Amino acid sequence: MELTVTTLAERPHLIDPMWRMADTWPEFMLHDPVGWANIGRIVAELPQYVLVGTDEEGTVVARAFSVPFQLHAKGRETLPATGWDQALLWAFSDLRHGRTPDTVSAIEITIATDRQGQGLSGTMLAAMRDNARGLGFAEVVAPVRPSAKHEEPHTAMDEYAHRVRDEDGLPYDPWLRVHVRAGGVIDSVAPASMTVTGSVAQWRAWTGLAFDTDGPVDVPGALMPVHCEATRGYGVYVEPNVWVRHRI
């Protein structure tokens, strides 16, 4: 498939079709408060960091969000343990205070439900790297959500992230493998990259599960079990991601 990729700044008329694009994100993932508060701001305030991919008919089939922030600043220096959430918080804090960014962080690469498995994620990753380079940056970092980790929710992320295939030494996980093939290097695990909290009623609505027993609950699409406090009426999901560095 021939994919046309541009920034949203170049094709702002694609904002609505981009948001309407069908995807496979689990419902509970849409309720991280940091993401909920800031994802729309990327589109509104940083459209040059939003990439949109369209097919031959002009249909939006892929999107990619990134944000610039100042990593090499006092008190930062290393990629944060609070990963995805922290990248968003730093980016909009720096924008508000007029700090000059030195790094771009990937936030999301999403492929339309009916176009997955066609190699488009690698194309969008390459486009994100190229876009960052064109904007004058030398590094892209990514708090990667390994695509097959949900199949092993009880495996420690550190073990999973560094697991490799015998035949070529590349990462076991398909999405991590795409990053490494593109030149990325696994840096570290962000153990608390995203946090979703909700009442047991909310978790039942999001997942269709009972959430009626204290303890871990395996939720489809979750990388780790959700901790349920049924007797106290709430559940907490803390998602680990994997920081990957791309020198460009």
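Helix H7 is followed by glycine 208, whose phi is positive, near 75 degrees. The model is a predicted one, in which local features need pLDDT of at least 70 and side-chain atom pairs count only at pLDDT 80 or more, while totals for chains, interfaces and linings use all residues. Residues are numbered from 1 along each chain as its sequence is written, and side-chain values use heavy atoms, with hydrogens and water left out. Helices (H or I, at least four residues) and strands (E, at least two) are DSSP runs, numbered from the N terminus.

In H7, which spans residues 200-207, Val200, Trp203 and Trp206 are buried; buried means under 20% relative accessible area, exposed over 50%, and partly exposed in between (1.4 Å probe, protein chains only). Seen down the axis of H7, these residues fall within an arc of 120 degrees, so they line one face of the helix. The arc is that of the directions from the helix axis to the C-beta atoms. The buried residues of H7 pack against strand E6 (185-199), strand E8 (226-229) and strand E9, where contact means heavy atoms within 4.5 Å.

Helix H6 covers residues 174-181, and its residues Trp175, Leu176, Arg177 and His179 are buried. The elements against which the buried residues of H6 pack are strand E4 (103-111), helix H4 (120-134), strand E5 (139-144), helix H5 (157-161) and strand E9 (234-247). At the N-terminal end, H6 is capped by aspartate 173, with a side-chain oxygen 3.1 Å from the backbone nitrogen of tryptophan 175. Just after H6, glycine 183 has a positive phi of about 110 degrees.

In strand E3 (residues 60-69), ten of the ten residues are buried, so the strand is largely enclosed by the rest of the structure. E3 pairs with strand E2 (residues 50-54) in the antiparallel sense over five bridges; two strands pair if DSSP finds at least two bridges between them. Alanine 64 in E3 is the bridge partner of leucine 51. Five residues lie between the strands in the hairpin of E2 and E3, where glycine 58 takes a positive phi near 85 degrees. E3 also pairs with E4 in the antiparallel sense, over eight bridges, and alanine 62 stands opposite isoleucine 111 in E4.

E4 also gives the most to the lining of the largest pocket, with six residues. A pocket is an open set of points on a 1 Å grid over the protein atoms alone, where a 1.4 Å probe fits, with protein on both sides within 12 Å along at least five of seven lines; lining residues have an atom within 4 Å of a point. The lining of the largest pocket holds 41 residues, of which Trp25, Glu108, Ile109, Thr110 and Arg145 lie nearest its centre.

Notes
Polar contact = N/O pair within 3.5 Å; in protein donor to acceptor, adjacent residues only side chain to side chain.
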